[in-house]
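Subject: Structure handover

Hello,

Please find the structure below. My notes on what was found in it follow.

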Amino acid sequence: MTSVNDVDRALRATPPHALLDTLRTLLTDIWGATGADLLMADYGLTVLQPVEAPGDPSRAVSLHNSAEGRAFGSQEPHVEHPRHGEYVRLHLPVTARGERLGVLTVRLPPGSVGVEVTDGLAQVAELLGHEIVVAERDTDVYRLARRVGRLTLAAEMQWELLPGRASAREEFSIGAQLEPAYAVRGDNFDWSSDADRLSLSILNGMGDGINASLLTQLAVGALRNARRADLPVADQARLADQAIYAQHHGDQHVSALLLSFDLATGRVLAVDAGSPRLWRRRGTAVERIELEAQLPLGMFEESDYLPQEFAVLPGDRLLVVSDGVYDALSPLGEAFGERALARAVAATALLPAADVPRAVLDELAGYRVTEPLDDALIVCLDWSGRRRREGSGPRTD
């Protein structure tokens with residue numbers, strides 16, 4: 001454990017752009033490594049790219065048919081034995097609180113990769129993930145490695161708004177993805193959790209390009225402002241509605257689905273203010289959760305919003321999709337629709353929440369064939385619930 005603590009202290013003291021350089025020295029001195037590379041997952045979740053060669057297609061590694069991609073997908077260390085046998089390569093997932101960032105590949109002498117070494121380096125990769133999240137505040141090095149091409153300005157703005165693409169804790173795990181990843185316009189999502197509650201919002205700002213992105217930014221900012229003032233979910237919708245109407249006077253509006261989860265009970269308060277749709281898989285049954293449709297945010301002055309209530313149970317999976325998913329057309333003009341979406345939810349039942357959005361979007365891409373005319377957003381939430389602690393039964397006083 002001392003060596004891992006040494007790595008932790010050294011990374012904390014390292015300039016944000018130099019995490020890999022510092023780590024390489026430590027890996028050599030402590031574990032006898034002969035080299036190491038850090039690869040970041042791109043925005044589209046198609047490849048892993050080394051931080052030292054961002055944008056070089058010859059250095060990119062597939063997420064789907066490579067040893068590095070296997071470690072990323074399984075979230076488990078994976079040992080690769082090159083044919084010449086001079087060293088082994090240990091691929092380690094780099095993750096921070098459920099957010100899958102990339103893979104750390106460490107080259108080690110043959111025969112040196114035992115359980116103790118693997119466990120220690122897995123801890124190092126986890127420490128690295130947390131340091132990258134902090135370092136991104138002060139450097140673009142890791143963001144540059146996430147792109148295989150240039151993002152549009154609207155897409156840059158949208159990705160900067162996001163809390164991440166995944167999150168996990170005892171009660172839940174979340175995965176989300178936007179498409180087209182490098183040119184997304186108005187779709188977005190946001191989440192936040194504390195000791196008692198998870199807040200989740202899925203947004204779709206009308207329009208194209210910068211206008212759609214600016215509109216969504218206003219909505220996200222207003223919702224965060226209301227949430228951080230500890231307002232209930234219906235009042236969050238009202239405040240965002242008023243902010244958007246004050247700026248655009250009804251000419252532009254934002255479709256939104258706002259969800260507030262009680263982490264102890266699974267009770268959910270929901271405001272359905274537009275087009276995002278909510279699906280649930282419980283056991284083998286897949287069904288849409290029907291909510292009362294209310295006005296999109298900003299459409300009229302001083303709209304009123306009322307919460308609806310439903311409950312989630314341990315083992316439930318919720319899937320939220322934007323209209324760019326269920327309105328997508330096949331070459332024959334048939335909408336992807338609810339039937340195909342229900343099949344996709346069932347087909348991805350064994351995948352973890354972080355993998356589901358990309359898998360459904362891949363199926364959508366095969367169905368659609370043509371270039372998308374609208375953003376497509378998918379958010380997947382797996383609910384585990386809170387385990388009852390010993391001695392934490394109901395009070396009788």
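Contact here means heavy atoms within 4.5 Å. The model is a predicted one, so please read every value that follows as computed from it.

Helix pair H6 and H7

In that sense of contact, Leu153, Ala154, Met157, Gln158 and Leu161 of H6 meet Gly209, Ile210, Ser213, Leu214, Thr216, Gln217, Val220 and Arg224 of H7. By class, the residues of this contact are seven nonpolar, five polar and one charged. The two axes come within 8 Å and cross at roughly 15°. Angles under 35 degrees count as roughly parallel, and H6 and H7 are therefore roughly parallel to each other. Their crossing is left-handed.

H6 covers residues 153-161, and its buried residues are Ala154, Ala155, Met157, Gln158, Trp159 and Leu161. The cover over these buried residues includes helix H7 (209-228) as well as strands E8 (172-179) and E9 (187-193).

Helix pair H1 and H4

Helix H1 spans residues 2-12 and helix H4 residues 115-135; their axes come within 10 Å and cross at roughly 20°. That angle makes H1 roughly parallel to H4. The crossing of H1 and H4 is right-handed. On the H1 side the contact is made by Val4, Val7, Asp8, Leu11 and Arg12, and on the H4 side by Gly120, Gln123, Val124, Leu127, Leu128 and Glu131. The contact of H1 with H4 divides into six nonpolar, two polar and three charged residues.

E9 pairs with strand E10 (residues 197-205) in the antiparallel sense, over seven bridges. Within this sheet, phenylalanine 189 stands opposite isoleucine 202 in E10.

Six-stranded sheet

A further open sheet has six strands in the order E7-E8-E17-E16-E13-E14, also with antiparallel pairing. Its edge strands are E7 (166-168) and E14, each of which pairs on one side only. The twist here averages 15° from one strand to the next.

Starting from the E7 end, E7 and E8 form a hairpin with three residues between them. Their antiparallel pairing runs over three bridges, and serine 167 stands opposite isoleucine 174 in E8. E8 is mostly covered, with seven of its eight residues buried. Eight bridges join E8 to strand E17 (residues 376-383), and these two run antiparallel. Serine 173 stands opposite aspartate 382 in E17.

At the E14 end, strand E13 (residues 277-282) and E14 pair in the antiparallel sense over four bridges. Their hairpin has two residues between the strands, and glycine 283 takes a positive phi near 65° there. E13 is also joined by five bridges to strand E16 (residues 317-321), and that pair runs antiparallel. Arginine 280 can be followed in both directions: it stands opposite glutamate 287 in E14, and its bridge partner in E16 is leucine 318. Helix H10 (residues 337-347) packs on this sheet, touching E13, E14 and E16. The direction of H10 makes about 40° with that of E13.

Glutamate 292

Where does glutamate 292 lie? It is in the loop between strand E14 (285-288) and strand E15 (308-311). The relative accessibility of glutamate 292 is 51%, and exposed means over 50%, so glutamate 292 counts as exposed. Leaving aside residues up to four places away in sequence, glutamate 292 touches Asp272 and Gln308. Glutamate 292 and glycine 35 are 257 residues apart in sequence and 57 Å apart in space, C-alpha to C-alpha.

Regards

How values were computed
Residues numbered from 1 in each chain as written. Predicted model: local features only at pLDDT ≥ 70, side-chain atom pairs only at ≥ 80, totals over all residues. Heavy atoms only, no water. Buried < 20%, exposed > 50% of the residue type's maximum accessible area, 1.4 Å probe, protein only. Axes fitted to C-alpha atoms, helices over the stretch in contact; angles between N-to-C directions. Parallel < 35°, antiparallel > 145°, perpendicular 65-115°, else oblique. Left-handed = near helix turned anticlockwise from the far one by under 90°. Nonpolar A, V, L, I, M, F, W, Y, C, P; charged D, E, K, R; others polar. Pairing = 2+ DSSP bridges.
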